[in-house]
Amino acid sequence: MPQEARFVDYKTKKALVVDDYPSMRSAFKMALASFGMTKVDLAATASEAVMRVKSGNYDVIICDYNLGEGRDGQQLLEELRHREMIDLETVFLMVTAESIYERVVAAAELAPDDYLIKPFNGEILRTRLDAILLKKEAFRKVHRSFAQRDLESALAGCDVIIQEYPKYFVDALRFKGEVLLAMGDFEGAEALYKQVIALRAVPWSRLGLARAMHLQRKEPVAEEMLLDIVKQHPELVASYDLLADVQIAQNKFTEAQNTLHRGVEVSAKSPRRKRRLGELAYQNEDLDNAERAFRAAIDKGRNSVFLAANDFANLARVHLDQNNAKAAAEIITSNRKLLQESPEGKLVAAVVQAQVNARNAQHKEARAGMLEAMQLKKRGARCEPELAMDMVEACVKAGMDDEAAELLAEVARNAHDSTALLDKAKRIYQEAGKAEQVSDILQKSTARVAQLSREGALLLQKGDLRNGAQKLLQASKEASRNPRVLMNTAWAILRLVEQDGNSDDMLGNAMRLLDAAAYLAPEHPRLAGLQTMLRTIESAVAAQRLAALIKPT
Amino acid sequence: MSVMEQQDLYAALLHEMKNHLVLMAITLDRVPHVGDAGHDQPLDEVRLLCQRASERLMQALFIYKNDQGGALLNAVDAYSTEDFLSEMAVQARSLRAQLKVDTELADNVPAIWFFDRNMLEMALMNALHNSVAYARERIRISARVEEGMLCIAIEDDSEGYPEHILQAVAEDKPLSSSGTGLGLRFSSLIAKSHVNNGRTGMLRLSNRDGAVFEIRVP
């Protein structure tokens with residue numbers, strides 16, 4: 001009966017089947033061949049699937065949720081999407097004998113296109129594939145625009161689907177919500193999610209609304225909504241992450257830690273959630289739980305892309321704070337091979353080893369380690385501010401005061417507005433009995449950025465966009481790793497261009513600043529709005545230039 | 001062993017048996033038809049039995065879960081009613097190839113409706129299995145909107161339901177005497193788990209040209 005079937009041409013499509021049972025793999029192959037899908041590759045494990053996807057361009061991936069040992073189907077899906085190995089146009093169909101999977105899918109940030117419960121027959125497989133492929137067809141332009149970051153076209157495309165395909169009405173609304181959030185139109189997203197909730201309060205619409213409120217910094221409202229969501233849908237993991245964000249934004253760090261702790265209890269899989277839990281516990285000076293979470297982040301992250309050198313630095317830092325230098329050293333020795341694979345890993349290994357040496361009063365070794373670390377950093381190894389503070393600490397302890405001052409000045413310049421980091425610096429110097437040095441370093445390094453920012457803001461307030469933007473540009477040169485300063489500057493420049501037109505490549509500056517901010521703080525709530533503002537002004541400027549060319553005066 | 005532990009043990013047993021049966025059904029699916037009734041017919045019968053047995057166990061597990069206070073529905077979302085009907089028709093045809101299966105979508109049915117697709121499908125499969133077993137030659141699967149509810153009906157040309165079953169469902173009495181009531185109880189639970197705007201879904205049985213099994217979701 002599915003008349004639609006004739007529109008799907010399976011002969012041209014390529015599929016990958018991932019299942020740990022050889023007999024299931026061949027059963028799938030036979031079923032797919034029965035409706036003309038003959039270009040089919042097979043994989044038995046998640047790692048094998050990753051290899052296959054790297055070299056083959058698949059239209060359809062059919063994957064069993066339970067893949068025996070190693071990663072499961074959901075983790076495979078998350079890794080493929082996270083590494084951008086498959087895009088929105090690739091069909092991912094999950095197959096499962098576990099009725100629990102529906103809960104997993106409801107809880108997952110990344111859902112497959114559909115899922116199929118075993119046992120099922122080949123005809124049902126075809127019906128589902130028909131439906132997904134036809135939907136993909138309808139969304140193709142929207143998905144392409146979104147992938148090319150042409151968000152305005154993606155938005156317009158969603159509206160067309162909402163108008164013309166009643167069947168995909170809700171899917172199009174859901175995607176439009178994502179587009180609006182990516183554009184920074186949080187009020188638009190709020191209105192949209194309220195529209196969906198009026199139809200039916202499905203969990204994703206409630207979560208979307210809470211996110212839109214959070215991004216508008218209406219934290220108490222967002223918190224109330226999320227507390228209600230986790231009560232009604234305790235399995236919806238994404239809501240714990242968002243609730244923790246909302247609580248952090250209100251400085252409710254203990255509550256945030258508890259929230260993430262519950263999230264980890266519901267789904268123990270995500271190393272990223274564990275890492276955040278560890279960071280919060282550490283910040284709350286709850287070293288036992290910080291240790292547990294960081295250790296789990298490393299264990300869960302092994303053999304996946306989610307493990308970072310910084311995870312080892314985090315855990316080692318906890319051990320050092322517990323006065324357990326031996327355990328810190330042990331982390332580096334037992335992971336030496338892995339850490340030597342990247343400059344970041346080498347940096348972490350050198351810093352932790354130097355910290356351990358400094359604690360054991362092996363100052364010569366500590367100094368040698370720090371010199372190596374500073375070389376690695378100079379040659380471009382990415383260094384989180386927390387790790388840079390570890391370097392400051394090691395230098396102070398090893399008597400390398402000049403190097404410590406230089407490192408601290410750099411961190412402080414880029415974090416003049418972060419009390420947590422500046423307080424840590426004070427503590428480090430106090431513990432080393434060098435408290436008199438620290439205020440001088442902090443004062444000198446932050447004074448210029450702070451002053452330039454202040455003066456720039458004042459000029460903007462008075463309506464002097466040009467000079468205000470110039471001041472802020474100087475500030476962002478000083479604090480080139482402070483996303484807030486970069487975004488403030490970009491905003492001022494965009495206002496200026498809006499008012500006076502583009503001159504001296506101001507738009508180029510704004511673009512560079514926003515790119516740098518996106519690298520440093522990809523999830524900052526202001527970023528998407530500024531990027532949209534940039535695109536809008538860019539096309540206005542281009543249109544003006546074109547008009548001037550056509551009608552020379 | 002406490003009552004709780006005993007119940008957990010039974011639940012674990014049900015779960016394990018269900019998984020074995022699912023594997024068995026998948027394995028049977030790999031035996032192809034050969035065009036010989038002496039081979040194909042018993043194969044179909046055994047597949048159907050296997051599917052029914054695993055579904056029964058799954059339903060028993062859900063009823064157990066419901067008795068423990070757990071929520072029955074996992075994933076209420078927007079689904080295409082048309083796709084849902086054609087999927088049910090595909091299921092019916094795969095169970096008995098000689099059967100005539102029609103679908104009918106009333107004009108007043110919107111393109112999408114909110115429901116838990118897999119649970120509703122399981123609830124309807126009960127009726128489908130019955131109809132496949134008892135229908136003379138045809139089954140009709142239809143959808144319409146009545147009093148603001150989506151009504152999905154499965155009708156056949158069988159003898160119809162016996163009076164005591166019609167009465168028990170109409171009076172909403174739990175049926176349990178012979179085991180045949182388990183499926184109906186499950187279907188009724190799933191229907192009633194669908195709530196929207198203060199309205200609750202329901203199961204309705206009647207006889208017309210044969211048995212009529214209807215689930216209404218608000």
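Predicted model: local features only at pLDDT ≥ 70, side-chain atom pairs only at ≥ 80, totals over all residues.
**View 1. How chain A splits into domains.** Where they meet, domain 2 of chain A puts in five residues and domain 3 of chain A puts in four. On the domain 2 side of that contact there are four nonpolar residues and one polar residue, with no charged ones.

**View 2. The two domains of chain B.** Here we have domain 1 (3-67) and domain 2 (76-217) of chain B, with 21 Å between their C-alpha centres. Each of them gives nine residues to the contact.

**View 3. An open sheet in chain B.** Five strands line up in the order 2-4-5-9-8, and the pairing is mixed. Strand 2 (100-105) and strand 8 (202-207) of chain B are at the edges with a single partner strand each, so one side of each has no neighbour in the sheet. From one strand to the next, the twist averages 15 degrees.

**View 4. Strands 4 and 5 of chain B, side by side.** Strand 4 (residues 138-146) and strand 5 (residues 149-156) of chain B run antiparallel and are joined by eight bridges. For a landmark, look for B:Ser142, which stands opposite B:Ala153 of strand 5.

**View 5. Helices packed on the chain B sheet.** Helix 3 (residues 81-95) of chain B touches strand 2, strand 4 and strand 5 of chain B, and its direction makes about 170 degrees with that of strand 2. Helix 4 (residues 117-134) of chain B also packs on the sheet, touching strand 4, strand 5 and strand 9 (211-217) of chain B. Its direction makes about 20 degrees with that of strand 5 of chain B.

**View 6. Where chain A meets chain B.** This contact brings together 25 residues of chain A and 27 residues of chain B. On the chain A side, the elements giving two or more residues are helix 1 (22-34), helix 4 (101-107), helix 5 (122-147) and helix 7 (169-183). Sorted by class, the chain A side has 15 nonpolar, four polar and six charged residues.

Conventions
Residues numbered from 1 in each chain as written. Chains lettered and ligands numbered in written order. Domains from an automatic or database assignment. Contact = placed C-beta atoms within 7 Å. Nonpolar A, V, L, I, M, F, W, Y, C, P; charged D, E, K, R; others polar. Pairing = 2+ DSSP bridges. Helix = DSSP H or I, 4+ residues; strand = E, 2+ residues; numbered from the N terminus. Axes fitted to C-alpha atoms, helices over the stretch in contact; angles between N-to-C directions.
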